[in-house]
Amino acid sequence: MPQGPPRADLDQFLNVLAKKAYWTYPDIDSLKGSKYKGLSELRWQSGRVQHRLIGYAEEATVYVLLIGCTHKQRRYDPTDALDTAADRKKKIKSGEATTCEYQLITGR
Amino acid sequence: VNISSSLVDELRDKTYRDAYVASQIKILLPYEVRALRNARNWTQGELARRANMSQPRIAEIERPGKRSLNLDTLLRLASAFDVGLQVQFVHFRELADGSEGFDPDTFNVRSFDDEIEAAAREDEVAANLEAALAWISAASAREAAVSADRVQVHIPLRLVAAQGQVNLQRDLFGASQIQLASRIELGQQLQVTPAPAA
């Protein structure tokens with residue numbers, strides 16, 4: 001997870017998404033390419049840096065976060081972020097890896 | 001805000017605290033703009049026209065964190081939506097409460113004209129509420145709430161059953177009450193029928 005201003009922006013962004021009934025573009029976009037079918041990215045920006053959280057919708061109210069990265073001029077950093085995400089999804093689906101609930105930063 | 005919440009833990013760090021203040025503007029305001037535009041069924045192009053901006057700029061403004069919003073931009077948007085804009089220094093508790101309470105799907109602020117119309121309607125409904133409650137009988141209504149276009153009255157079930165007839169939208173509300181929600185027009189007489197068996 002990012003730290004400093006990006007972290008606060010991310011917390012705020014996720015809190016808003018958690019309240020929304022439907023996630024739509026530009027907050028979320030599906031990844032292109034058969035290799036990444038079923039994967040999508042949550043999109044937000046902090047300062048001049050575009051951030052992405054790659055993941056997939058498990059069911060109506062569950063979204064699995066696989067990896068965080070930045071995006072600039074069609075390039076992801078780290079460069080293998082999408083492949084890592086696809087690999088992690090495969091491992092979760094096969095039972096080789098597990099998930100845990102992400103704790104939103106809230107005032108409650 | 002809960003003093004032992006994860007947010008308060010984070011806010012103890014000055015760097016996060018400052019970033020949190022900025023994130024209210026950078027992240028929440030774009031969602032507010034989007035919500036206000038959607039509530040009015042405007043396209044980005046329509047908002048752009050009204051705010052004298054370009055459509056791509058509106059698209060940027062609506063993307064969380066994408067663009068720094070300065071006061072001049074906010075004033076132009078407030079004018080386009082014909083709503084008030086308040087900028088003030090506040091306690092962190094107020095800031096956090098505002099953030100927690102923000103709902104991107106339902107957020108809306110009426111335009112000045114709509115506000116005036118709603119206030120007039122509230123007066124009208126409030127005047128009629130008294131007559132409606134008298135008809136229901138003073139003893140029957142445990143509580144009533146009035147808003148711009150809706151009156152909600154909670155009536156004990158036994159009384160509803162006693163009244164006979166009805167045609168209002170209704171839902172069972174607990175074991176002993178029925179909740180009625182209906183637009184009440186001036187001069188309209190409320191009709192209440194027994195609730196269907198649960």
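A residue is called buried when its relative accessible area is under 20%, exposed when that area is over 50%, and partly exposed in between, with a 1.4 Å probe and protein chains only. What I show today is a predicted model, in which local features need pLDDT of at least 70 and side-chain atom pairs count only at pLDDT 80 or more, while totals for chains, interfaces and linings use all residues. Residues are numbered from 1 along each chain as its sequence is written, chains are lettered from A in the order in which they are written, and side-chain values use heavy atoms, without hydrogens and water.

Let me start with one residue, S5(B), which lies in the segment before helix 1 of chain B, helices being DSSP runs of H or I with at least four residues, numbered from the N terminus. S5(B) counts as buried because its relative accessibility is 2%. Leaving aside residues up to four places away in sequence, S5(B) touches T106(A), G107(A) and R108(A), where contact means heavy atoms within 4.5 Å.

Turning to the interface, 28 residues of chain B and 26 residues of chain A take part in the contact. About 2300 Å² is buried between chain B and chain A, with carbon and sulfur atoms giving 48%; buried area is the accessible area (1.4 Å probe) that two parts lose on being put together, summed over both.

Finally, the rule finds 5 salt bridges across this interface, each a side-chain nitrogen of Lys or Arg within 4 Å of a carboxyl oxygen of Asp or Glu. D9(A) and K26(B) meet through their side chains in a salt bridge, at 2.9 Å from N to O.

Methods:
Helix = DSSP H or I, 4+ residues; strand = E, 2+ residues; numbered from the N terminus.
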